[in-house]
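Please examine the model shown here before reading the questions and answers.

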Amino acid sequence: MSHKAGFVNIIGNPNVGKSTLMNAFVGERLSIITSKAQTTRHRILGIVNGEDFQMILSDTPGIIKPAYEMQASMMNFVKSAFEDADILIYMVEIGEQDLKDEAFFNKIIHAKIPVLLLLNKIDMSNQDKLEEQVAFWAEKVPNAEIFPISALQNFNVPEVFQRIISLLPESPASYPKDQLTDKPERFFVNETIREKILLNYSKEIPYAVEIVTEEFFEDENIIRIRSLIMVERETQKGIIIGHKGAALKKVGMDSRADLEKFFGKQIHIELYVKVNKNWRSNVNMLKRFGYNQ
């Protein structure tokens with residue numbers, strides 16, 4: 001029996017539902033999903049295995065015009081997604097008109113591989129608007145197959161999944177069949193904590209934060225975690241901790257609840273906050289955090 005395998009890379013503007021789609025395909029919350037833009041900072045692989053196929057999905061940061069070194073590194077992850085893709089998913093939402101970077105858009109319309117254009121959030125539209133948008137994108141990206149979907153409501157998502165399988169090239173599996181992702185456990189600890197900060201704090205705070213899990217000890221029944229929350233200024237440290245540590249405690253409790261579901265074990269988590277000025281523009285620090293790779 002022949003076997004199919006390939007890289008299916010998802011690109012698009014911030015907050016169009018790329019992470020929601022990948023998590024729907026994989027069946028696990030591998031990527032942060034919040035209503036705030038720029039939540040995905042890295043390129044995250046989610047691996048879906050069937051008896052005769054392996055779909056390697058790649059969630060990438062939303063396309064932006066970089067304002068500092070970390071955002072430039074994020075856009076490098078997007079560039080790499082063009083280089084190894086067997087199938088490209090270009091995700092847009094109802095009402096959207098253009099990708100924020102013309103060079104990326106030119107790569108899409110001149111791609112030599114299958115392109116699926118997913119018109120997301122159609123549950124927030126009507127039939128007339130949907131038909132208008134389908135016609136607009138059919139003219140704009142003539143090389144793409146267009147699928148109206150709602151990633152959140154799972155509308156048309158199974159159909160897209162089956163279409164991807166049909167387009168995968170014949171190939172042996174690239175990863176072990178029981179592997180879910182290319183990221184280590186600590187990465188998902190970091191992402192879970194960062195998600196809670198995105199949900200619990202406003203303005204600049206979430207975007208000035210990076211998480212480093214310094215200890216991850218797993219016993220038979222419990223995982224003990226010690227993670228550092230890094231900020232850029234002393235005022236941000238005070239906001240993260242909150243009055244009598246209440247805000248930081250809530251982040252820890254919310255993170256523990258999600259991590260216990262993710263790992264299926266009891267979690268003991270300790271959080272600390274440290275100031276590292278301008279880490280988002282420090283090339284050496286960004287390498288330490290997995291950017292610029």
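The questions below concern the protein as a whole and one of its helices.

This is a predicted model, in which local features need pLDDT of at least 70, side-chain atom pairs count only at pLDDT 80 or more, and totals for chains, interfaces and linings use all residues. Residues are numbered from 1 along each chain as its sequence is written, and side-chain values use heavy atoms, leaving out hydrogens and water.

Q: What percentage of the residues in the protein is buried?
A: Buried means under 20% relative accessible area, exposed over 50%, and partly exposed in between, with a 1.4 Å probe and protein chains only. Of the 293 residues in the protein, the buried share is 50%.

Q: What distance separates the end C-alpha atoms of helix α4?
A: Helices are DSSP runs of H or I with at least four residues, and strands are runs of E with at least two, numbered from the N terminus. The expected span is 1.5 Å times one less than the number of residues. For the 14 residues of α4 (residues 127-140) this gives 20 Å, and the end C-alpha atoms agree, being apart by 20 Å.

Q: Which residues of α4 are buried?
A: Viewed down the axis of α4, the buried residues fall within an arc of 65 degrees (taken from the directions from the axis to the C-beta atoms), so they line one face of the helix. They are Leu-130, Gln-133 and Trp-137.

Q: Which exposed residues does α4 carry on the face turned away from its buried side?
A: The buried residues of α4 pack against β4 (87-93), α3 (102-109), β5 (115-120) and β6 (144-148), where contact means heavy atoms within 4.5 Å. The face turned away from that buried side carries Asp-128 and Glu-139.
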